[in-house]
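Please work through each task before reading its solution.

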Amino acid sequence: MARMLVDGDDLVVRLAWWERVAVRRGEVRVPLAAVRRVTVERDWWRALRGIHQRGVHIPGALCLGTRGHQGGKDFVAVRPGRPVLCVELWPSAPFRLLAVATGTDREGEAIAGGLRRNAPNTDASTPCRQPLPVPEETERHRAGVISSPPVPLRRATGFTAQA
């Protein structure tokens, strides 16, 4: 299974040979300066966001590859029953989240502690992962057009207000 390690000033996700074939890439490498928050997720399925784009996805057995969502892309290598090391990245990075399964909770916490110490821009304001941004409801709101107020169904009866 994939491993996460620090190589100089980079955070590297090393993949086994069969994982490289499945996701069609060698390794995932991001600068340590791009690390925003590091957490360990005890429930493996909570690390999955968005929809499967590339790699292997066998429901309930394995999720390996990229997943897309409204905030960008995540790279995941998770299996059921294993804790997941979740590394949130700043928007300048190619992925928004790196999620890699670890052997045990203790191993995950040890790796997370090392990453928190080595990454210079880690946000320690909260120990939890942050939710994805909510997409706008319509194109009109995205363009900054404010919709007009609703038109009344009936006219006022019998009187008018004067100022």
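**Exercise 1: A pair between strands**

The model is predicted, local features need pLDDT of at least 70, and side-chain atom pairs count only at pLDDT 80 or more, while totals for chains, interfaces and linings use all residues. Residues are numbered from 1 along each chain as its sequence is written, and side-chain values use heavy atoms, without hydrogens and water.

Task: Determine with which residue R29 forms a salt bridge (a side-chain nitrogen of Lys or Arg within 4 Å of a carboxyl oxygen of Asp or Glu).

Solution. Step 1: the partner of R29 is D7, with the closest N and O atoms 3.3 Å apart. Step 2: this pair links distant parts of the chain, R29 in strand β3 and D7 in strand β1 (residues 3-7), 22 residues apart. Step 3: D7 counts as partly exposed because its relative accessible area is 35%.

**Exercise 2: A second pair**

Solution. Step 1: R37 and E88 form a salt bridge whose closest N and O atoms are 3.4 Å apart. Step 2: R37 belongs to strand β4 (residues 35-41) and E88 to strand β8 (residues 84-89), 51 residues apart.

**Exercise 3: A third pair**

Task: Locate R42 and D105 in the chain.

Solution. Step 1: R42 forms a salt bridge with D105, the closest N and O atoms lying 3.8 Å apart. Step 2: R42 sits in the loop between β4 and β5 (51-58), whereas D105 is in helix α2 (residues 105-118).

Note on methods: Helices (H or I, at least four residues) and strands (E, at least two) are DSSP runs, numbered from the N terminus. Buried means under 20% relative accessible area, exposed over 50%, partly exposed in between (1.4 Å probe, protein chains only).
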